[in-house]
Amino acid sequence: MVAASRTWIVIPTYNEAENLRALVAAIRAAVAATILVVDDNSPDGTGGLADVLAASVPDVHVLHRPAKAGLAAAYTAGFQRALVEGADYVLEMDADFSHDPSDLPRLLEAAGAGADVVLGSRYVPGGGVEGWSADRQILSRAGGLYARVVLGSSVRDLTGGFKCFRADALRVIGIDDLTADGYAFQVETTFRAERAGLRVEEVPIVFRERQAGRSKMSPAIAAEAIWRIPRMRLSARRHGAPAPAVTALPH
């Protein structure tokens, strides 16, 4: 069992007022952990709601940022706060229920058993996606395949954003000098872990399309991944570190 005081869940938010209260309740029902909401001055009042929750719900904290500045910057700020506070395990997840809080114990279990980075994976046996059109599923799989081929990675879901890191893994990855945002940020953190020889494991999850609010995905975020991923591979070649095998855990 992973100690609650050493487990932090970082949740970036921008206009997630419709989801936040229910999400915090669902997380607390699933695991004992400190919840850190990183809000980018949401116009819909998400930050204010987060403050209300922090004042009334144990182990909920808020990190306010002055403006929307990208997913990577939000996660980096949240990871830094968790590490400063002494976290042993740091998780990341979306605020829109696309990632099921009931899956959190399985990610933590794998980390507690020795994995350095645990990925909630849509594309290993037992995983999947609900609520997406066929075109979006094809685009997602094609993007993942592109990243795997270019990077020479065996991770099946490189673009996924439901993860658990050991604190030492975040330090090895080097979160202070990550260069990407959006999907490319998710690829970069996992690829850096691979190249560093960390133990990376995938556990199956079902990703569900959000029920409230609006998606933050944009063509610019997708386009960034196309040109950033080859640069990651070139950088890795310069450093010459081998990529280890990746394990997919059963459901």
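Several elements cover the buried residues of helix H1 (residues 17-30), including strand S1 (7-13), strand S2 (34-39), helix H2, strand S3 (60-64) and helix H4 (104-112). The buried residues themselves are Asn19, Leu20, Leu23, Val24 and Ile27. This is a predicted model.

How far apart are the end C-alpha atoms of H1? They are 21 Å apart. At 1.5 Å a residue, the 14 residues of H1 should span 20 Å, so the two values agree.

**Helix H4**

H4 is among the elements that cover H1. H4 has buried residues of its own: Leu104, Arg106, Leu107, Leu108, Ala110 and Ala111. Their cover includes S1, H1, strand S4 (89-92), strand S5 (117-121), strand S7 (163-166) and strand S8 (200-204). Just after H4 comes Gly114, with a positive phi of about 130°.

Most residues other than glycine have a negative phi. Asp59 is not a glycine, yet its phi is positive, at about 65°. Phe97 also has a positive phi, near 70°, and is a residue other than glycine. Where do these two residues lie? Asp59 sits in the loop between H2 and S3. Phe97 sits in the loop between S4 and H4.

| Residue | Relative accessible area | Class |
|---|---|---|
| Gly47 | 6% | buried |

**Gly47 in helix H2**

Gly47 belongs to helix H2 (residues 46-56). Its relative accessible area is 6%; buried means under 20%, so Gly47 is buried. Which residues does Gly47 touch, leaving out those up to four places away in sequence? They are Asp39 and His64. Leu63 is 16 residues from Gly47 along the chain. The C-alpha atoms of Gly47 and Leu63 are separated by 8.7 Å.

**Where H3 meets H7**

Helix H3 (residues 71-84) packs against helix H7 (residues 182-195).

On the H3 side, the contact uses Leu71, Ala72, Tyr75, Thr76 and Phe79. On the H7 side, Gly182, Phe185 and Gln186 meet them. Of the residues in this contact, 5 are nonpolar, 3 are polar and none is charged.

**The whole chain**

How many helices and strands does the protein chain have? It has 8 helices and 10 strands. The chain has 251 residues, and 50% of them count as buried. Take the contacts between residues at least 6 apart in sequence: 83% of these join residues at least 24 apart.

The protein chain averages a pLDDT of 88. At least 70 is the score of 84% of the residues. Over residues 242-246, however, the pLDDT is below 50. Beyond near neighbours in sequence, that stretch has 14 contacts in the model. Where pLDDT is low, the predicted coordinates should not be read in detail.

Terms used
Residues are numbered from 1 along each chain as its sequence is written. This is a predicted model: local features need pLDDT of at least 70, side-chain atom pairs count only at pLDDT 80 or more; totals for chains, interfaces and linings use all residues. Side-chain values use heavy atoms; hydrogens and water are left out. Axes are lines fitted to C-alpha atoms, for helices over the stretch in contact, and angles run from 0 to 180 degrees between N-to-C directions. Helices (H or I, at least four residues) and strands (E, at least two) are DSSP runs, numbered from the N terminus. Contact means heavy atoms within 4.5 Å. Ala, Val, Leu, Ile, Met, Phe, Trp, Tyr, Cys and Pro count as nonpolar, Asp, Glu, Lys and Arg as charged, and the others, Gly among them, as polar. Buried means under 20% relative accessible area, exposed over 50%, partly exposed in between (1.4 Å probe, protein chains only). The expected span of a helix is 1.5 Å times one less than its number of residues. pLDDT is the predictor's confidence in each residue, from 0 to 100.
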